[in-house]
Amino acid sequence: MKPGLSALTHPRTIADFFTQYEKNEPFVVHHPKETLSSLRELDFLSSLDKLLSIWPYSIQAHLPDKRDESSSIDTDPAKAKKCFEEGMGLLFNEAHRLLPLLQTWLEEIRKDLGLSAQTYSRCLIYATPDGKGTAAHFDQNINFVLQIHGTKIWKLAPNEHVANPLTRHLMGTEPDNEMAGYLENELPSQMPKTAQTIELNPGSLLFVPRGYWHSTEAQGEALALNFTFTAPTWIDLFTTALRSRLALSPEWRETANGVSDPERRDEAEAYLETLLAGLKEDLPHWEAAGILGATEPLSE
Ligand SMILES: [Fe+2]
């Protein structure tokens, strides 16, 4: 099957997938041995040792304190092996750099999802020692996990605390200032009771929606390949368009002089007021098609 969303979600349909995607719900399929072989049989995924032997970049080892990538060190393959043996999970970031085929998969999945060409798409490989995994958290990105070796137990729960988070969050820590401003409910200190458990075995494919709570634990050594997409929000598209529009103006491009000087603050405010007046005149003429035409040309 050619690279893309339908190969991942097979034998379930893309329509099936989008039903879940639009509800921001997880989606899982368990591929038989013969499908997705172009990914599952990649030589560098045949074992952790093989991967370590060819990996030319640094590797993130997750320290045991938090069981989370927010507490990690960058290391080289030789030291990474030792970290793994001592029970630390390893993250191989941007693994698509290894192989154009993975870049093709990323690009095709992104287009099938209909995400912006400005999306940050990357492959991650997680190697997890027996009994280890990640503590409960949510991500601002969306993620497809393909289990390559071993078994991983995932706990997943809908996020009733914050919709469409702009940043990642580890349960039990303070939210960043911006997120604190848009929280809908107090963040939980443990996984909600409604959490479902999904067991991933070699060939299992799990879609993890944006902002969905999850934690993982490996049974035996586990290796997983992820396709991860951090897509622009409407905020990103609009502010990009706004910036390019304002950049046409020498007045908007001026250095914001005097703003921190109590003596000149009034003058600075008056100047910004004239800029805003011009923008207010311009804004009624803005149209969605024009914005997307500039930020997201369809000719690709
Ligand atoms: Fe995650």
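The following questions and answers concern a predicted model and the values computed from it.

Biologist: What kind of model is this, and which atoms and residues count?
Modeller: In this predicted model, local features need pLDDT of at least 70 and side-chain atom pairs count only at pLDDT 80 or more, while totals for chains, interfaces and linings use all residues. Side-chain values use heavy atoms, with hydrogens and water left out, and residues are numbered from 1 along each chain as its sequence is written.

Biologist: How many helices and strands are there in the protein chain?
Modeller: Helices (H or I, at least four residues) and strands (E, at least two) are DSSP runs, numbered from the N terminus. On that basis the protein chain has 10 helices and 11 strands.

Biologist: What are the spans of the C-alpha trace along its principal axes, and what part of the accessible surface belongs to carbon and sulfur atoms?
Modeller: The C-alpha trace of the protein chain spans about 65 × 45 × 40 Å along its principal axes. Accessible areas come from the Shrake-Rupley method with a 1.4 Å probe, and for residues only the protein chains shown count as cover. The accessible surface comes to about 16100 Å², and the part belonging to carbon and sulfur atoms is 52%.

Biologist: What percentage of the residues in the protein chain is buried?
Modeller: Buried means under 20% relative accessible area, exposed over 50%, and partly exposed in between (1.4 Å probe, protein chains only). Of the 300 residues in the protein chain, the buried ones make up 44%.

Biologist: Among contacts between residues at least 6 apart in sequence, what percentage joins residues at least 24 apart?
Modeller: A contact means heavy atoms within 4.5 Å. Of the contacts in the protein chain between residues at least 6 apart, the part joining residues at least 24 apart is 78%.

Biologist: Which residues are the protein donors of the iron ion?
Modeller: Donors are N, O and S atoms within 2.8 Å of the metal (3.2 Å for Na, K and Ca); water is not among the atoms, so sites may look incomplete. In sequence the donor residues are spaced H-x1-D-x74-H. Lying 2.2 Å from the iron ion, the protein donors are His137 (NE2), Asp139 (OD) and His214 (NE2).

Biologist: How many residues apart in sequence are the parts that His137 and His214 tie together?
Modeller: Both are donors of the iron ion. His137 is buried at a relative accessible area of 4%, and His214 is buried at 4% as well. His137 lies in strand E6 and His214 in strand E11 (residues 213–230), so the parts that the pair ties together are apart in sequence by 77 residues.

Biologist: Is Asn141 buried or exposed?
Modeller: Asn141 lies in the loop between strand E6 (137–138) and strand E7 (142–157). Leaving aside neighbours within four places in sequence, Asn141 is in contact with Arg122, Pro209, Arg210, Thr228, Phe229 and Thr230. With a relative accessible area of 8%, Asn141 is buried.

Biologist: How many salt bridges does the structure hold?
Modeller: Side chains of opposite charge can pair when their charged atoms come close. A salt bridge is a side-chain nitrogen of Lys or Arg within 4 Å of a carboxyl oxygen of Asp or Glu. One of them joins Asp43 and Lys50 (3.3 Å, N to O). The number of salt bridges in the structure is 13.

Biologist: Which helices hold Lys81 and Asp49?
Modeller: The side chains of Lys81 and Asp49 meet in a salt bridge (2.8 Å, N to O). The pair ties together parts that are 32 residues apart in sequence, because Lys81 and Asp49 lie respectively in helix H5 (residues 77–85) and helix H4 (residues 48–54).

Biologist: Which residues are linked in a network of salt bridges with Lys81?
Modeller: Lys81 is partly exposed at 26% relative accessibility, and Asp49 is partly exposed at 46%. The residues linked with Lys81 in the network are Asp49 and Glu85.

Biologist: Which peptide bond is cis?
Modeller: Most residues other than glycine have a negative phi, and most peptide bonds are trans. Pro11 is found in the loop between helix H1 (5–9) and helix H2 (14–22). With omega near 5°, the cis bond runs from His10 to Pro11.

Biologist: What is the phi of Asn164?
Modeller: Asn164 sits in the loop between E7 and strand E8 (169–170) and counts as exposed at 53% relative accessibility. Although Asn164 is not a glycine, its phi is positive, at about 50°.
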